[in-house]
Amino acid sequence: MGYVNVEVTPLPGIGVRKDFAIGNGRRVGVVTQRDGKIELIVSKSDDPDACLASLPLTAEEAGALANLLGAPQLVAQLTEEHRELPGINTKQLPIKAGSPFDGRTLGDTAIRTRTGVSVVAVMRAGQVHPSPTPDFTFTAGDLLVAVGTAEGLEAAFKILKHG
């Protein structure tokens with residue numbers, strides 16, 4: 001796995017830019033402004049300091065994007081680690097708005113007892129919360145990273161959706 005160098009640049013009076021170079025020479029990053037506003041930025045290929053695109057994001061949108069980018073990597077890593085263990089699968093399970101467990105705890109789901117599935121991490125707003133305890137409270141938008149049998153994972157998905 002390669003190493004990506006993230007550069008952090010203070011922007012006096014504005015905030016902080018964090019970015020990195022991608023394969024085509026452009027830079028991709030985020031500007032976090034002092035007032036809390038967040039922008040996703042892409043540089044021009046011929047001038048890494050000039051902005052080609054800037055997309056303002058709410059905190060919720062930034063969190064959703066971070067989950068989209070982070071959760072698949074975590075699942076892929078766990079899947080690779082379990083590759084030689086027949087019958088063990090890793091899956092992302094969402095807590096959607098309207099889920100009976102939005103605002104409730106992992107313990108309330110009784111997923112481990114009911115399905116044999118283990119929740120090994122929760123992705124929230126781009127942050128990984130490893131090994132959540134039974135008192136971990138879910139919020140709509142969370143992505144649970146769960147490990148178990150295919151049948152157990154399907155049952156866990158239904159529990160999170162319907163109760």
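Predicted model: local features only at pLDDT ≥ 70, side-chain atom pairs only at ≥ 80, totals over all residues.

Residues are numbered from 1 along each chain as its sequence is written, and side-chain values use heavy atoms, with hydrogens and water left out.

**Salt bridges**
- Searching the whole structure turns up six salt bridges (a side-chain nitrogen of Lys or Arg within 4 Å of a carboxyl oxygen of Asp or Glu).
- Asp-19 pairs with Arg-17 at 3.4 Å, N to O, and with Arg-27 at 3.2 Å.
- Arg-17 and Asp-19 are both buried, as is Arg-27 (buried is under 20% relative accessible area, exposed over 50%, partly exposed in between, with a 1.4 Å probe and protein chains only).
- Arg-124 and Asp-142 meet at 2.7 Å, N to O.
- Arg-124 sits in strand E7 and Asp-142 in the loop between strands E8 and E9, so this pair ties together parts 18 residues apart in sequence (strands are DSSP runs of E, at least two residues; helices are H or I, at least four; both are numbered from the N terminus).
- Shared partners link Glu-7, Arg-17, Asp-19 and Arg-27 into one network.

**Nonpolar core**
- The largest nonpolar core has 16 residues (buried Ala, Val, Leu, Ile, Met, Phe, Trp, Tyr and Cys joined through side-chain atoms within 4.5 Å).
- Strands E7 and E9 and helix H4 each give it two or more residues, and H4 has the largest share, four.
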